[in-house]
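Hello,

Here is the structure for you to look over. My notes on its aromatic rings follow below.

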Amino acid sequence: MLIKRFPVFILSLALSSLVRANDIEMSVVGLEDALQDNVDAYLLSIPETDYEVSLRFQSRLETNITKALNALGYYQPEFRFEIIEDKELIVHVSPGEPVIITKLDIVIMGEAQTDPDFLQLISRSGLKLNQPINHGQYDGLKSSIRNMALQKGYFKGDFSESRLEVVPSLNQAMIRLHYDSGMRYHFGSTEITGSQIREERVKSLQPYESGEPYHISKVGEYNQNLSNTDWFSSVFVEPDLSQLDNSRELQMKVALAPQARNQLETGIGFSTDVGARGTLKWKKPWVNDRGHSFDSSISLSLPEQSIVAGYKIPLDDVLHEYYRIQYGMKKVDSRDTKSLESNLSVGRHWLLDSGWHQTVRVRYLLENYEQGIQDDVGHFVLPGISFSRTRTKGGSMPMWGDRKTITLEYGDPSLLSETRLVRLVGGTSWIRGIGTNHRGLFRIDGGANFTQEFEKLSPSLLFFAGGDNNLRGYGYESISPKDETGALTGGKYMLTTSLEYQYRVTGNWWVATFYDYGDAFNESAEFKSGAGVGIRWGSPVGPIRLDFAKALDAEEGKDEYRIHFTLGPEL
């Protein structure tokens with residue numbers, strides 16, 4: 001039943017639809033399922049101020065209900081109106097017998113006659129012999145055929161016959177759809193205008209070959225590929241339809257506009273790990289006509305200051321394969337660590353078909369440091385390989401996602417390193433949602449240094465635990481083995497894990513409860529745990545997290561409670 005009142009509200013029951021305005025109550029009975037739903041939709045278009053028990057209103061109701069039933073194949077409905085005390089109007093409707101499809105003549109001609117996509121459209125249309133006619137299905141099939149033709153390059157296709165004939169007196173309907181697709185056009189040459197990048201570079205992003213059958217998805221993919229390079233401020237790819245009569249092959253037109261050669265970005269952030277932090281980024285999306293690019297950033301906080309500059313050289317597969325040369329300098333003055341670290345790396349990057357990002361690189365690490373009572377300079381040349389992949393479905397607070405990373409590095413005295421070292425670092429995070437209001441997060445991260453001369457490792461190669469994204473309830477990098485003076489020394493190994501449940505309170509606001517567990521250690525672990533509750537907000541600039549955590553294994557005399565605040569993605 002459908003009910004309307006003033007103000008309007010709707011209540012569904014099994015076999016009727018009821019509407020009330022002012023003191024007039026109107027109901028429609030005798031229909032069910034799709035017929036009832038369609039009548040409801042038509043009646044919703046009548047203003048509440050028009051409801052009355054007059055013959056004129058009854059005629060209007062009869063017209064609207066008849067149209068709703070005709071659309072689903074019922075052309076001979078019968079009506080009976082019942083008026084109760086001039087305040088209630090009941091419309092009794094008998095839909096009658098449906099109009100049945102007795103002739104179904106659907107033919108695809110031209111080069112599309114054997115195209116499986118067109119045949120599939122017909123089979124899924126819902127139009128079948130000896131079934132009630134549905135005007136929506138008929139119109140939907142016609143529209144789908146036209147759209148499919150445009151998508152696949154049958155640009156001169158048209159209906160030679162398009163008729164739906166209904167004989168209500170016989171309850172019969174006849175459909176005749178004859179579509180002549182003509183020939184299917186193919187991709188031709190590509191004309192590029194407005195590009196500051198070499199033409200062969202731009203064409204290398206083309207996902208089709210000249211002479212290949214046209215498909216609009218390939219055009220969209222080309223457009224996306226060009227946009228993803230960050231070389232251009234605008235990208236427009238389209239076929240030249242003005243030349244349809246000249247050749248089967250369509251010339252493709254690519255109009256481009258250069259991206260600004262220099263881009264600056266500033267930012268201010270805050271986390272309880274490092275406090276307030278300011279950033280400045282300078283980027284050159286294209287340095288030359290070969291598509292090389294340059295990026296740099298400066299990050300400043302009280303315990304850490306860093307500068308990073310990188311140069312990217314794309315290879316033949318511009319988007320997925322490239323070299324990157326990077327230099328970074330970082331100064332740390334935090335707890336028992338004072339360090340000035342320089343890293344120079346050269347890496348070869350691939351995006352594999354499986355979605356994994358693979359990097360093979362070699363980096364040179366020079367670090368002048370004080371770690372506890374140790375004061376030294378470390379030199380390491382570290383060849384390595386890494387794999388990473390991040391997948392998400394949803395916005396800033398996805399209901400499904402995962403992150404996986406693993407890095408393996410090797411150092412040897414014969415390669416100018418302080419000592420022989422095998423270093424392994426990896427981690428994985430999972431997000432899974434149930435319904436729309438429940439999210440679960442699981443994370444595990446770990447690292448290991450395999451070496452016989454552990455004391456020769458510099459601080460940036462060691463492991464510390466604790467902080468906003470690690471063991472909440474404990475200070476940033478406050479967990480590691482200690483020397484005889486009680487100063488933190490960093491660990492050979494680290495293993496941390498976290499389990500978190502979130503519940504949506506309203507909109508983009510969530511509450512969370514979590515449990516963290518882990519340690520940074522040398523030979524044997526003394527695992528520590530932290531637990532707490534938090535608030536999550538999916539803000540326009542990304543997830544914001546505020547956590548209230550308790551260190552369940554805090555040292556005597558240390559703060560047991562800590563507030564953690566972070567801004568950034570969860571994966």
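**Aromatic rings and charges over them**

This is a predicted model: local features need pLDDT of at least 70, side-chain atom pairs count only at pLDDT 80 or more, and totals for chains, interfaces and linings use all residues. Residues are numbered from 1 along each chain as its sequence is written, and side-chain values use heavy atoms, with hydrogens and water left out.

Start with Tyr515. This residue is partly exposed, at 39% relative accessible area (buried is under 20%, exposed over 50%, partly exposed in between; 1.4 Å probe, protein chains only). Tyr517 is partly exposed too, at 33%.

Ring pairs come next. Rings of Phe, Tyr and Trp (its six-membered ring) pair if their centres lie within 6.5 Å; planes under 30 degrees apart are stacked, over 60 edge-to-face, the rest tilted. That rule gives 17 aromatic pairs. One of them is Tyr515 with Tyr517: stacked, 6.5 Å centre to centre, 20 degrees between the planes. Phe521 and Phe527 have planes at 70 degrees and centres 6.2 Å apart, so this pair is edge-to-face. Phe521 is buried, at 14% relative accessibility. Phe527 is partly exposed, at 32%.

There is also an aromatic cluster. Its members are Phe155, Tyr185, Phe187, Tyr208, Tyr214 and Tyr222.

Last, charges over rings (NZ of Lys or CZ of Arg within 6 Å of the ring centre and within 35 degrees of the ring normal). Arg472 has its charged end over the ring of Phe514, 3.8 Å from the centre. Arg348 lies over the face of Tyr323, 5.6 Å from the ring centre.

Best wishes
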